[in-house]
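Me: Could you take a close look at one helix for me and tell me how it sits among its surroundings?

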Amino acid sequence: MSITIRRIVKDDCARLLELVHELAVYEKAPDEVTVTLDHFIESGFGKKPVWWGFAAEEDGIVLGFVLYYIRYSTWKGQRMYLEDFLVTEKARGKGIGKLLFDRLVEEAKEKKFNGIVWQVLEWNEPAINFYKKYNASFDAEWINCSIEIK
């Protein structure tokens, strides 16, 4: 297995959305993905990109990715927010997730962010166990909130 970890490029976006849909199915929310390919591309590669990331590729096929944006905390300063992290089901268990996450940590250090934050579903034990290997903190005190703007 020869996996390459590289920055996401514009041409990856259609494949990434396929993986986003796979993630949504895994998270039991397949109808929640409403972003269009055009919006996704513009948000990552337009005049003012708001997300960045890395792809794991083997033989020209993207098998996984991490996507992040910059979050600002008035208490901590700039932090990396890990929005999505997925290795396609067929490629799991081969160390690809570790390669991606290690590259993400490296990026956070290069950009001088003081931390990485993310969410994980409470029932997603494989992901929780993965994050525990990195000594991640799990916060049961805060409740997620959101509103839809239409």
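Reply: Happy to! Helices (H or I, at least four residues) and strands (E, at least two) are DSSP runs, numbered from the N terminus, and the expected span of a helix is 1.5 Å times one less than its number of residues. This is a predicted model, in which local features need pLDDT of at least 70 and side-chain atom pairs count only at pLDDT 80 or more, while totals for chains, interfaces and linings use all residues. Residues are numbered from 1 along each chain as its sequence is written, and side-chain values use heavy atoms, with hydrogens and water left out.

Let's take H3. Its 15 residues reach 21 Å from first C-alpha to last, close to the 21 Å expected at 1.5 Å a residue. Buried (under 20% relative accessible area, 1.4 Å probe, protein chains only) are Ile 96, Gly 97, Leu 100, Phe 101, Arg 103, Leu 104, Glu 107 and Ala 108. Seen down the axis of H3, these fall within an arc of 155° (taken from the directions from the helix axis to the C-beta atoms), so they line one face of the helix. An α-helix has 3.6 residues a turn, so residues three or four places apart point the same way.

What covers that buried set includes E1, E2, E3, E4, strand E5 (116–117) and H4. After H3 comes Lys 112, whose phi is positive, near 60°.

Conventions:
Buried < 20%, exposed > 50% of the residue type's maximum accessible area, 1.4 Å probe, protein only. Contact = heavy atoms within 4.5 Å.
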